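Visitor: Could you take me through this model? I would like to begin with a single residue.

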Amino acid sequence: MNHEKRKQFITIVIFVAILAILIAVVWRTSGTTTFVRTALSGLTLGSLFFMVSAGLTLIFGLMHVLNFAHGSMFMLGAYIGWQFYTNPTFVFGIAPLIIAFATGLQFLTVIKPRLTQLNLSESLQNLLPRLAWVLVIILVVLAILNFDILGLANTAMVAVTTVTESNPLAELSPQEPLARFWLRPFFLLLGGFLAAVAVSKPGNKKEYVAAEHTTRNWLLIGGLIVATILLTVFREAWSEAILLMNGNLRFVLALFVATGFGLLCGMFIEVLLIRPLYTRSFFIVLMTLGISFVIKETIQFLWTPLAYKMVRPPLFAAPGKAETVADWLLNSNATLDIFGVTFPTYRLFIILLGFLMFIFITLLMTKTRLGMVIRAGVQDPEMVEALGINVRSMFTFVFALGIAMAALGGIGAAPFIPVQPLMGDQYQMQGFITVVIGGMGSYVGAFIGALTLGLARAFGDYYALKWSLSTAVAEASTVIIMVIVLLVKPSGLFGKKE
Amino acid sequence: MNENTKPENLLLVDNIQTYIGQFHILQGVTVEVPKNEITVLLGRNGAGKTTTLKSILGLTPPSQGKIIFKDMEIHGKRAFNIVNLGIGYVPEHRAIFRKLSVMENLKMAERKRGDLDKHADFIFELFPDLERLYKLPGNHLSGGQQQMLAVARALVPDNDLLLIDEPSEGLAPILIQQMMEAIRKLSQTTTVLLVEQNFIMASQLAKNFYIIDDGKTVTNGKMSELIHNEELIHEYLGASVRTVKQGDKA
């Protein structure tokens, strides 16, 4: 065991040494200015790669799921964040519906212990869930009947063309009146509740679950109901308030909204679609591929396959170059002088976001009980369950966390790259290569792999331009690195042997 | 029921049937575990002893039969819910978390905050080695130390029942002796259901025995009677007979 560790250490030292020599050579040959500019570009790319690969590697490490929907979730995060930032009408238009259904489902935690204890005849036990499902479908159809989702999706499109500086509320369009709208979340709440009834298998005493944390669960449900009502009643007022807000604050909120949306999406996907397939891992691959197609098509349906440009938040928008960081923070310049290189400030923010995410994961995995449980679960989930820990909900959480990080990466990248349905695909590809280089399941490996790939891409681009080679060289460089790493260490830099 | 004549059962496994994949592993296992006593499951390799433990825990849920723990039906519940009712599990092959430190391994078993602090003294009294190794990762421990850690982990929360699977497996004789002492000590406060191939250890520790063969319980009784029943031992435990005789001489 100790020998293995030393071997791993030596591999990393050699890897870093090679990297250092390469960097030194490049520095000497290209000069400081070019080197700094290219290195910073590389770090920007590397940060984006890490945001995608962090979730991929966590999900693979714990559940052995290759998530091919990860790039799509990256894209979805970008769209939701972009919508929220430019004109939140769409987000606030659909939020009451989603929250209402989720609130209904949340009743599961409190009604299941009671429903399973009911004395029902066998035929009634079979009939009740079916009846409930039929009602759920009717309610959901009623709730979304005549719902103008395309009109809602179009609200932010206006913002792309109009200047909103003078009057931020210029492009707000009137929405369906509340007197009619309130029925939709109401029906969905009922639908969610009935779905919870159906899922909890009334009368099936074998399904018995202990009523735990009852007060906490009721409080959660109460909070969700209040949230649903607030979101429904003030849905237009919220949009106005957000638009009147300071642009930077709005962007920070957009980051949170996209992340939260990713968290919710991840939970739904894991519980409803992935969980039934854990014993058949091949089908999970097909399932995630299918999910990615559905998400892409939905986005194309809502916003057409065009590419949109998200406006940079004001902190990174003012024209002119800042000489120092303090200068930039004071004047919100678009570019900053770093060692004589004029570098866009927004890209610095992306680098910062990537590093913050790495710190967050490191702290989560090493300092918290949850991280400890995840590390134990990677080795032996059955034993973790045998110690009284709910492994299923841990899987759900880790999946949701991975998706949320991808969504955060998406909105982080949105002001930097065009927002379009296929924007996540190349990041997913690079993310997979990163995970393979770093070793499947290792977040440290993913971080180092992502930075390596980002730098390779940037310097590859630079040399391709300098020696007038095809840009394919830069794209191939990442795969070449992967091949070399796999030849030297088949399990990846930080991977463990099977 | 008169409590003086018949000890109260903490756990009752009633004629369970368990499939693993397509294999019908348990075809009718019945075990009663009286409170505050050690009960041992005996039988050849592959007879279904480990599967019985895992069926009780809900890790391989039985398809038929009943399992009653503390007067509650627990079959069909999720494993983590069953365990949280107060069952500690020491798996075979020392399934500790190798990448986690000794402390983290013990912390993993906490059900509420402070469980470890509460029982630390008792655990380190049984296994003084662990206190010295507290910060080391699991894969730096020797086989015997890993086994001790596996047992210690089951002692962290308040448990009413311990399921211990082959604690002597692959241990040197002196360590087996130490392990036996530990199990005897902890059985003063907890009920134990033991699976053990080492007949000497089983016969010295346990009060009651069950013999499982081909996924069925074939016979049961008091350990004191089994020791003298060479025919039965020979039929179901085979190779163990010689060890018994050697053990008697020693």
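Visitor: Is B:Glu37 buried or exposed?

Guide: B:Glu37 is buried, because its relative accessibility is 12%; buried means under 20% relative accessible area, exposed over 50%, and partly exposed in between (1.4 Å probe, protein chains only). This is a predicted model, in which local features need pLDDT of at least 70, side-chain atom pairs count only at pLDDT 80 or more, and totals for chains, interfaces and linings use all residues. Residues are numbered from 1 along each chain as its sequence is written, chains are lettered from A and ligands numbered from 1 in the order in which they are written, and side-chain values use heavy atoms, with hydrogens and water left out.

Visitor: Which side chain does B:Glu37 meet in a salt bridge?

Guide: That of B:Lys207, at 3.3 Å, N to O. A salt bridge is a side-chain nitrogen of Lys or Arg within 4 Å of a carboxyl oxygen of Asp or Glu.

Visitor: And how accessible is B:Lys207?

Guide: B:Lys207 has 44% relative accessibility and counts as partly exposed.

Visitor: How many salt bridges are there over all chains?

Guide: The search of the whole structure finds 10. Among them, A:Asp337 and A:Lys321 join at 3.4 Å, N to O.

Visitor: Changing topic, what share of chain A is buried?

Guide: Of its 498 residues, 49% count as buried.

Visitor: What are the spans of the C-alpha trace of chain A?

Guide: About 80 × 65 × 35 Å along the principal axes.
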